[in-house]
Amino acid sequence: MLVLATQDEPRISVSTLELSHAEKRYTVQTLPEIISQHPDAEIFFVMGADSWSDIRTWREWEKVLLMSNHIVVTRPGYEVVFDHVTPAVRERIVDLREGSRTVHQTDGPRIYVTDAIKLDVSASEIREDISTDERLDNPDDVPQAVAKYIEKYELYK
């Protein structure tokens, strides 16, 4: 579904690396493989504000945040805070949200916080609403190619 959702974006590629491994994978294992497969690419790991708030529960979370650039995407009504991470991690945060332009001078990967996407929607909500077909009719919530895939394979029913 990610491939379908990004098929018109030539600068975005979706990795299927984790699908090729039989055992449970952690980001700390997957990111080095992606980086080694694309040595000349600048890698950006995108996560939602909810994942950011739980980042300390991730396996080797500080190491993960040092491997690549990260983009934390906010959601309306969801506060993004930084007090749950270490001072070393906070030094690498670049806050690009409206009304805030905090940029620290530091080397290495950064963590960009953005509110550029102003959708008040979550994947969990979409999955819950699919049983009523509400979301599948709204191209702002689910791209048409993805909606057709969900309908064809009767996902989340």
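Biologist: Why is Glu23 called partly exposed?

Modeller: Its relative accessible area is 46%. Buried means under 20%, exposed means over 50%, and partly exposed lies in between, with a 1.4 Å probe and protein chains only. So Glu23 is partly exposed. One caution: this is a predicted model, where local features need pLDDT of at least 70, side-chain atom pairs count only at pLDDT 80 or more, and totals for chains, interfaces and linings use all residues. Residues are numbered from 1 along each chain as its sequence is written, and side-chain values use heavy atoms, with hydrogens and water left out.

Biologist: What makes Glu23 and Arg25 a salt bridge?

Modeller: Their closest N and O atoms are 3.9 Å apart. The rule asks for a side-chain nitrogen of Lys or Arg within 4 Å of a carboxyl oxygen of Asp or Glu. Therefore the pair qualifies.

Biologist: Is Arg25 buried or exposed?

Modeller: Arg25 has 15% relative accessibility, so it counts as buried.

Biologist: How many salt bridges does the rule give?

Modeller: Four. One of them joins Glu60 and Lys63, with closest N and O atoms 3.9 Å apart. Lys63 is partly exposed, at a relative accessible area of 45%. Another links Arg97 to Asp95, where the closest N and O atoms are 2.7 Å apart. Asp95 counts as buried because its relative accessibility is 6%.

Biologist: Which residues are joined into one network?

Modeller: Glu23, Arg25 and Glu33, through salt bridges that share partners.

Biologist: What stands opposite Asp95?

Modeller: Val113 in E4 does. Three bridges join E3 to strand E4 (residues 111-114), and the two run parallel. Strands pair if DSSP finds at least two bridges between them, so E3 and E4 are a pair.

Biologist: How many helices and strands does the chain hold?

Modeller: Seven helices and four strands. They are DSSP runs numbered from the N terminus: helices are H or I with at least four residues, strands are E with at least two. Along the sequence the pattern reads α-α-β-α-α-β-α-β-β-α-α.

Biologist: Where is Glu154, and what is its phi?

Modeller: Glu154 is in the segment after H7. Its phi is near 50°, also a positive value in a residue other than glycine. With 60% relative accessibility, Glu154 counts as exposed.

Biologist: What makes Met1, Tyr149, Tyr153 and Tyr156 a nonpolar patch?

Modeller: Patch members need over 30% relative accessible area and no salt bridge; nonpolar side chains (Val, Leu, Ile, Met, Phe, Trp, Tyr) are joined within 5 Å, like charges within 9 Å. Take Tyr149, which lies in helix H7 (residues 144-152). Together the four have about 380 Å² of accessible area. Such areas come from the Shrake-Rupley method with a 1.4 Å probe; for residues, only the protein chains shown count as cover.

Biologist: How much of the chain is buried?

Modeller: Of its 157 residues, 33% count as buried. The chain exposes about 10,500 Å², and carbon and sulfur atoms supply 49% of that.

Biologist: What share of the contacts joins residues 24 or more positions apart?

Modeller: 54% of the contacts with a separation of 6 or more. Contact means heavy atoms within 4.5 Å.
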